[in-house]
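Thanks for asking me to look this over with you. Here are some notes to read beside the structure, taken one place at a time.

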Amino acid sequence: MKTYRRLAVAALLPFVMAGCSNYLTGADELTNDPNRPTQATLSQLIAAIQASTWTVQTGETPRAVSMWMQQMAGTDRQYQTLGTYSITESGFETPWVYIYGGGGLVDIRKLQAGATEINDKTYLGIAQVFEALQIGTAADLYGDIPYSEAVGDVATPKLDQQLEVYAAIQTLLSSAITNLSSATGVGPGAADLVYGGSRAKWIALAHTLKARFYMHTAEVDGTAYARALAEAAQGITSSANDYTSVHPGTPGEKNLWYQFIEEQRQGYITPGEYLVSLMDARDDPRLDEYFTTNASGNYAGAPPGAGTSNIYSDLGPDRNDPAFSQPIVTYDENLLIRAEAAYQTNDQATALTQLNQAKANHGVAPVVLAGPALLQEIMLEKYIALFQSLEVWNDWKRTCIPDLTPALSAQIIPARLFYPTGERQTNTNIPEVSAQPLRNDNDPANPGCNSQN
């Protein structure tokens, strides 16, 4: 796969010796300089993997999704058109690069190989969780993807079916839990910037991810809700154990939303009318965490396709802090997976309990609901709690909640990304844009969802 090999070489450049003439040869002491290693160490690999993971989970794709889900709105130049669904195959090269290339699957597999070589099952399990998160996200975004042949000598890897990829990820996460539970190896320690190498936290994260990806198959697998419920019961149990990005706030290491809004493209993206109005009407205590008031002292979001204006709110000081740790997999998500899965398996009492616990986490008053109104409230709470997360899009595709009206009289809101141009041009298994589906296999058309017909 040309793209992957090219990226793998680029990723190793900082660690590769500079070129030299071949006249000097001899024993290892002459040709190998221990101060100029030719391979990345495990701690260097995990540093690159963390950075790539955070880029995929908090970078340009979540920004686009936040506009399509009307949590934000594109208000200037190309973000106006992107926010109103003008997307092309050249628009989303970045997630593909970071999922598969340097810092992505190429380096994740190197980390796994290195961990296996020294029998460090802690490191191995963590690397497997990273692989599941990144490849599962790729399946969410693109549907059928290269996976079984993605790393190695296959120049044009086949596309594995999306549902087969999800199944493989479940097996991988089970292996990760087994490896982490063995308590073998010292693991990354402080090189793991979020959990400090804590096996217990990584095991809980793995269970929440298993629950997440089961939910992604629920439209086509009648057993998925029960499986998700069982996994979430073993998942993240405290907001203190959320998996988040880490940003010191120093130049080059700032929160990616802050970099985009404050340093790169000021005015391009603005809080969205639907989310701002929903939270304002509920007097939601997170409102001033997420957004500022406008010049008139009110909260006001922009409708899709609107231009720049000082009548709109800005991203709030908490979320727009250069050192803000962006949530990626959280206790809130775990609770609300349990709530939805319990509801869908006819346990409304548990569904209500989990919903109200998620609300209590943020000082929101409990509710007493049943039937469709309970499901509606679960998904709206998740829509609010998972602000800026890709999961909002996945949830909406499954449930059609919230009931969003497509921008500017469009017929549909995008349900998948096109494969990137560079990959199509180098891999003959990638179909032309005109032959690519509008929806992925896990997301059949829902006749009850007006904005997805």
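1. A definition to start with: a helix here is a DSSP run of H or I with at least four residues, and helices are numbered from the N terminus. With that in hand, look at helix H6, residues 93–100. Trp-96 and Tyr-100 both sit in H6, 4 residues apart, which is about one turn of the helix. Please keep in mind throughout that this is a predicted model.

2. How do the rings of Trp-96 and Tyr-100 lie to each other, stacked or tilted? Across the whole model, 19 aromatic pairs are counted. In the pair of Trp-96 and Tyr-100, the ring centres are 4.9 Å apart and the planes stand at 50°, so the pair is tilted. Trp-96 is buried, with a relative accessible area of 1%, and Tyr-100 is likewise buried, at 1%.

3. A second pair is made by Tyr-142 and Tyr-419, with ring centres 6.1 Å apart and planes at 10°, so this one is stacked. The pair links distant parts of the chain, its members being 277 residues apart. Tyr-142 belongs to helix H8, while Tyr-419 lies in the loop between helix H18 (391–399) and helix H19 (421–426). Both Tyr-142 and Tyr-419 are buried. Ring pairs join Trp-96, Tyr-100, Tyr-142 and Tyr-419 into a cluster.

4. Now follow H8 to its contact with H3. Two packed helices are described by the angle and the distance between their axes. For helix H3 (residues 42–58) and helix H8 (residues 121–142), the axes come within 11 Å and cross at roughly 25°. That makes H3 roughly parallel to H8, because an angle under 35 degrees counts that way. The crossing of H3 past H8 is left-handed.

5. Which residues meet there? On the H3 side they include Leu-42, Ile-46, Ile-49, Thr-53 and Val-56, and on the H8 side Tyr-123, Ile-126, Phe-130 and Leu-133 are among them. By class, the contact of H3 with H8 has 8 nonpolar and 7 polar residues, and no charged ones.

6. At 8% relative accessibility, Gln-70 counts as buried, because the cut-off is under 20%. Leaving out residues up to four places away in sequence, Gln-70 touches several others, including Tyr-85, Glu-273, Tyr-274, Pro-304, Tyr-383 and Thr-405.

7. For contrast, turn to Thr-237, in the loop between helix H11 (224–232) and strand S2 (243–244). Thr-237 is exposed, with a relative accessible area of 57%. The C-alpha atoms of Thr-237 and Val-392 are separated by 21 Å, and these residues are 155 apart along the chain.

8. Finally, some backbone details to check. Most residues other than glycine have a negative phi, and most peptide bonds are trans. The bond from Ile-401 to Pro-402 is cis, with omega near 5°, and Pro-402 lies in the loop between H18 and H19. Asn-119 has a positive phi of about 55°; Asn-119 is in the loop between helix H7 (105–117) and H8, and is partly exposed at 45% relative accessibility. Gln-388 also has a positive phi, near 80°. Gln-388 is found in the loop between helix H17 (372–385) and H18, and is buried, with a relative accessible area of 2%.

How values were computed
Residues numbered from 1 in each chain as written. Predicted model: local features only at pLDDT ≥ 70, side-chain atom pairs only at ≥ 80, totals over all residues. Heavy atoms only, no water. Axes fitted to C-alpha atoms, helices over the stretch in contact; angles between N-to-C directions. Helix = DSSP H or I, 4+ residues; strand = E, 2+ residues; numbered from the N terminus. Parallel < 35°, antiparallel > 145°, perpendicular 65-115°, else oblique. Left-handed = near helix turned anticlockwise from the far one by under 90°. Contact = heavy atoms within 4.5 Å. Nonpolar A, V, L, I, M, F, W, Y, C, P; charged D, E, K, R; others polar. Phe/Tyr/Trp six-rings, centres within 6.5 Å; stacked < 30°, edge-to-face > 60°. Buried < 20%, exposed > 50% of the residue type's maximum accessible area, 1.4 Å probe, protein only.
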